[in-house]
Amino acid sequence: MMTTVEMFINQAPFRYPSPIETELNHLAELFAQTPALAVYPSRWLAIQALEGDESLLNDIRELGGPAVAAALDASLERLHAIYGDDLDVALVDQRYRFVHTIATQAVRRPVEAPVTLSDRIDRVVTHRWLGIPIFLAVMWVVFKLTTDVAAPFVDWLDGVLSGPVSRWTVALLAMVGADGGWVESLLVDGVIAGVGGVLAFVPVLLSLYFALALLEDSGYMARAAFVMDRLMRALGLHGKSFLPMIVGFGCSVPAIYATRTLDSRRDRILTGLLVPFMSCSARLPVYVLIAMVFFPASAGQVIFGLYLTGIVVAVGMGALLRQTLFRREPQAPFVLELPPYRMPTLRGVWRQMWERTSSFVRKAGTIILATSIVVWLLLAMPIGEGSFAETPVDQSAFAAVANAATPVFAPLGFGRWETSGALVTGLIAKEVVVGTLMQVYGGAVEEDGAPGDEPATLADDLSGIVNSFGAAVADALRALPGIVGINLVEAEEEPVAEGLAAAIRTGFAASSGGHSTLAALAFLVFVLLYTPCVAALAANRHEFGTPWMLVSLLGQFAIAWLAAFLVFQGGVLLGMQG
């Protein structure tokens with residue numbers, strides 16, 4: 001066959017259409033005579049320029065100088081007059097035609113196509129009745145990897161940052177005589193705590209991208225899109241959209257980045273707007289705290305109902321957006337080529353994990369850091385008693401700002417500065433809502449290993465980091481059987497302290513006119529639906545741009561406010577007690 005191909009190529013050398021070939025030869029000769037562009041093969045560079053490679057076009061204009069840039073623009077103008085905006089399509093089409101001609105001459109196909117291993121696997125994986133259950137099982141594995149298996153490493157990383165790293169920072173400040181002041185508070189409570197909140201997501205991201213890389217490189221991702229396409233079209237989406245939405249139950253940030261697997265920008269944006277309605281794991285501690293305080297006998301049912309509410313709202317919003325904002329956006333045709341199954345390579349999997357995770361750390365980390373410093377400044381600035389960085393929380397600028405937001409939440413039954421402040425800090429990370437509630441209601445508990453609590457040597461810290469990492473690996477290994485329903489990890493229940501529970505009940509009762517249970521339920525609905533954390537907003541802006549980030553920020557706040565209003569005011573209107 002090779003002999004046939006070589007003979008054909010020699011007889012019919014590849015050429016572009018005459019107008020393109022003329023400009024290519026002209027540009028290639030010009031590039032070859034330009035020393036600064038000599039690092040590139042001249043004809044290849046000319047082809048890339050005509051196909052519109054933005055990076056190389058910038059290089060040509062910067063390195064080639066005004067004369068080369070003018071010649072390039074003139075060539076593009078002449079070709080655009082013939083081909084319009086389809087110049088790149090004309091170039092690619094000519095190459096496909098050439099390859100097709102060679103293949104037609106050289107390839108001899110059997111009368112009956114042989115049944116490959118991929119064909120036999122597809123008979124099961126894409127089966128009409130088995131395809132969806134298999135897909136759901138695969139997604140369950142991805143979901144468990146990004147939550148249960150990654151969780152021990154999240155805890156380990158959070159412990160290292162809040163423990164040894166914070167202590168080392170304090171020790172270094174002590175060496176230069178800057179410990180114990182606002183500088184220490186800024187670095188430990190602002191910078192390290194803020195950046196740590198971002199870095200704690202890294203194990204989750206690595207787990208997600210590991211699973212995605214395996215699915216993509218093995219060829220299964222294309223089959224998953226095929227089997228889920230019919231169901232997702234009810235929301236105006238593709239089958240591929242189901243994966244980011246499932247991942248959203250673990251964390252909205254990797255779920256938004258997972259929309260990169262979608263080919264259409266319309267589908268990526270619509271999916272990215274719906275993902276935050278899937279209740280992420282960071283909201284779970286808030287559900288547990290409030291449900292245990294107000295619904296101790298039915299906390300499980302309340303939490304399960306919140307998860308279902310998120311799904312129902314996502315379905316409704318998908319249908320609404322499809323008929324409004326995306327009504328004029330044509331739905332991309334679902335053309336899918338099923339590649340043969342293949343074994344993923346370790347190098348390819350690691351490259352995808354690293355590229356996607358490092359991008360998250362660079363982009364979201366800067367916004368988290370800036371926001372954390374702003375919150376720290378508000379907490380450090382006294383309005384009443386105390387001095388800078390040493391003021392009670394209720395006398396801080398943070399309390400004053402939170403109090404200013406109180407009227408917004410008053411119709412929802414939780415219009416007090418404590419809950420308003422907790423919701424504001426929840427914009428940084430939803431877990432922070434619980435910590436803020438515990439602090440402002442006087443239930444804050446000093447954590448073991450907090451900086452300054454107990455003296456620890458460098459050797460103790462290093463030993464602790466190694467040992468805790470080993471424990472995290474062991475916990476992750478014990479969590480693996482949980483993927484198939486075998487639970488080897490004992491559940492850790494953290495009962496709510498009675499003093500804290502009483503303070504929260506009193507606060508909700510005071511703000512709701514005695515309807516504390518309704519106010520608590522409205523608060524839970526609001527936490528479920530309101531604006532995603534800044535890391536998710538940063539991911540949204542990174543992927544879709546500032547306008548769509550604002551739609552997510554303001555739109556979800558409005559939806560959450562309206563839903564909580566209906567729950568509280570509707571319950572009061574119906575005479576529900578609580």
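The charged end of Arg-223 is placed over the ring of Tyr-341, at 4.1 Å from the ring centre; a charge sits over a ring here if NZ of Lys or CZ of Arg is within 6 Å of the ring centre and within 35 degrees of the ring normal. The model is predicted, so to speak of local features pLDDT of at least 70 is needed, side-chain atom pairs count only at pLDDT 80 or more, and totals for chains, interfaces and linings use all residues. Residues are numbered from 1 along each chain as its sequence is written, and side-chain values use heavy atoms, with hydrogens and water left out.

Rings come next. Rings of Phe, Tyr and Trp (its six-membered ring) pair if their centres lie within 6.5 Å, with planes under 30 degrees apart counted as stacked, over 60 as edge-to-face and the rest as tilted. This rule gives 15 aromatic pairs. One of them, Phe-153 with Phe-469, is tilted, at 5.9 Å centre to centre and 50° between the planes. Because Phe-153 belongs to helix 8 (residues 151–175) and Phe-469 to helix 21 (residues 458–479), the pair ties together parts that are 316 residues apart in sequence; helices are DSSP runs (H or I, at least four residues), numbered from the N terminus. Phe-469 is partly exposed, its relative accessible area being 36%; buried denotes under 20% relative accessible area, exposed over 50%, and partly exposed in between (1.4 Å probe, protein chains only).

Phe-409 and Phe-526 make an edge-to-face pair, with 5.4 Å centre to centre and 90° between the planes. Distant parts of the chain are linked in this way, with Phe-409 in helix 18 (residues 397–409) and Phe-526 in helix 23, 117 residues apart. Both Phe-409 and Phe-526 are buried. Ring pairs also join them into a cluster with Phe-294, Phe-414, Phe-508, Phe-523, Tyr-530 and Phe-557.

A nonpolar core is a set of buried Ala, Val, Leu, Ile, Met, Phe, Trp, Tyr and Cys residues joined through side-chain atoms within 4.5 Å. In the largest one, of 99 residues, Phe-414, Phe-523 and Phe-526 touch the most other members. Helix 23 (residues 516–529) supplies the largest share of this core, 11 residues. Apart from it lies another core of 22 residues, including Ala-28, Phe-31, Leu-45 and Leu-91.

Helix 24 (residues 534–544) is largely enclosed by the rest of the structure, because 9 of its 11 residues are buried. Among them are Val-534, Leu-537, Asn-540, Glu-543 and Phe-544. Just after helix 24, Gly-545 adopts a positive phi of about 100°.

Conventions:
Helix = DSSP H or I, 4+ residues; strand = E, 2+ residues; numbered from the N terminus.
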